[in-house]
Amino acid sequence: MESKRLYFIDIIRAFAIIMMLQGHFIDTLLAIEYRDLNTIPFAIWYYFRGITAPTFFTISGLIFTYLLLRAKEKGDEKKRMRKGIIRGFFLIFVGYLIRSPILQWLSGSFNNYFLVIDVLQCIGLSLILIIILYFLSAKKTTLFSILSVSIGILIFLTEPLYRGLSFENLPIFISNYISKNNGSIFTIIPWFGYIAFGAFLATLFHKNLYKKRFKLKAIISFFITGILLIFYSSYILSEISKVTNIKLFLDSASYNYLFTRLGNVFIYFAFFYSLERFLKFPLILKIGQKTLSIYVIHFIIIYGSFTGVGLKLIGKTLTPWQAVFGALTFITCVCFISFYYVKTNAFLYKYFRNIFNNLKGK
């Protein structure tokens with residue numbers, strides 16, 4: 001079974017987490033006067049920064065679903081589904097935890113900002129939804145595959161319909177998952193769409209991985225599909241709108257960042273899958289396997305979780321070269337701490353799993 005390991009997944013995860021680290025560092029500290037999209041370096045940085053989150057969500061859906069399907073082969077799918085639910089709730093819990101201003105609460109100051117939804121809550125809920133979707137598809141891989149890609153397409157196509165909805169009548173705890181009005185960074189729609197596409201890809205990998213020349217076919221398919229989505233998806237949507245006279249397709253084409261970003265992700269997949277054999281360095285794979293710890297550590301250092309004291313207090317004051325060298329130092333320090341000093345993730349996850357098992361036993 002070890003031969004079925006997809007090393008390029010860890011490689012992409014490592015690349016995505018490093019891009020996230022430098023992106024958050026530079027965005028938090030780079031001086032305003034250097035943020036000019038008319039300058040080529042900043043424009044390039046800004047464009048590639050926008051690919052990080054779609055990559056992370058897509059690869060999360062792929063790896064989780066791939067492991068679920070592998071567990072089905074061994075008859076362990078119920079155990080994997082249970083672990084997935086625990087993992088999902090654990091990510092949601094950690095997402096709220098690192099935004100909790102404990103010192104402010106102790107001083108008697110309270111607000112609702114810690115209830116905003118960020119990447120961890122969104123991925124956590126998405127994993128739970130994937131399990132529900134898998135269960136509703138009667139655990140049939142083909143049906144699950146069709147439902148996954150259909151849901152992904154539907155979420156992306158209908159983005160104009162829910163883009164500006166506020167859901168003010170819902171409790172803020174719930175509305176934050178579907179509306180950005182209260183400051184949420186990520187919402188379950190449209191971001192679950194990338195998870196769904198990742199789940200669809202996992203079914204293709206699981207079914208075809210051992211077939212002759214599958215890797216070459218996958219790389220070519222990723223590249224061609226990526227190019228089509230980046231450069232032609234808006235045109236295709238516009239043409240569909242003309243043929244069907246449905247305005248939604250035109251609205252989707254007019255602000256088509258979801259399909260184009262998915263195209264960027266596919267180009268990443270083609271690039272890293274083609275270079276998989278050359279990039280299987282232990283350091284890279286380890287970074288790809290430590291993404292949660294790295295995320296939590298970087299969040300505490302930059303944004304000052306619990307205390308409010310973080311690098312953000314420096315303000316947007318750095319020059320470009322200071323930001324570049326600072327980002328490199330920041331990435332090195334965060335990875336070092338994650339590798340050698342942090343076991344909190346494993347401890348909390350084990351504790352959380354014990355609670356779930358005890359509740360199940362009752």
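Colleague: Where does Arg213 lie in this model?

Modeller: In this predicted model, Arg213 lies in the loop between H9 and helix H10, the latter spanning residues 214-244.

Colleague: Why is Arg213 called exposed?

Modeller: Its relative accessibility is 60%, and because exposed means over 50%, Arg213 counts as exposed.

Colleague: What makes the backbone of Arg213 worth a remark?

Modeller: Phi of Arg213 is near 60 degrees, which is a positive value in a residue other than glycine, whereas most residues other than glycine have a negative phi. Ala138 also has a phi near 60 degrees, again positive without being glycine, and Ala138 is placed in the loop between helix H5 (119-136) and helix H6 (141-157).

Colleague: What is the peptide bond from Ile189 to Pro190, cis or trans?

Modeller: That bond, from Ile189 to Pro190, is cis, with omega near 15 degrees, although most peptide bonds are trans. Pro190 has its place in helix H9, residues 188-208.

Colleague: How do you know that Leu62 touches Phe205?

Modeller: Contact means heavy atoms within 4.5 Å, and, with residues up to four places away in sequence not counted, Leu62 touches Phe205 along with others, including Leu6, Ile9 and Phe269. Leu62 is also one of the residues that touch the most other members of the largest nonpolar core, which has 95 residues. A second, separate core of 6 residues includes Leu115, Ile117, Ile128 and Tyr177.

Technical notes: Residues numbered from 1 in each chain as written. Predicted model: local features only at pLDDT ≥ 70, side-chain atom pairs only at ≥ 80, totals over all residues. Heavy atoms only, no water. Helix = DSSP H or I, 4+ residues; strand = E, 2+ residues; numbered from the N terminus. Buried < 20%, exposed > 50% of the residue type's maximum accessible area, 1.4 Å probe, protein only. Core = buried A, V, L, I, M, F, W, Y, C linked by side-chain atoms within 4.5 Å.
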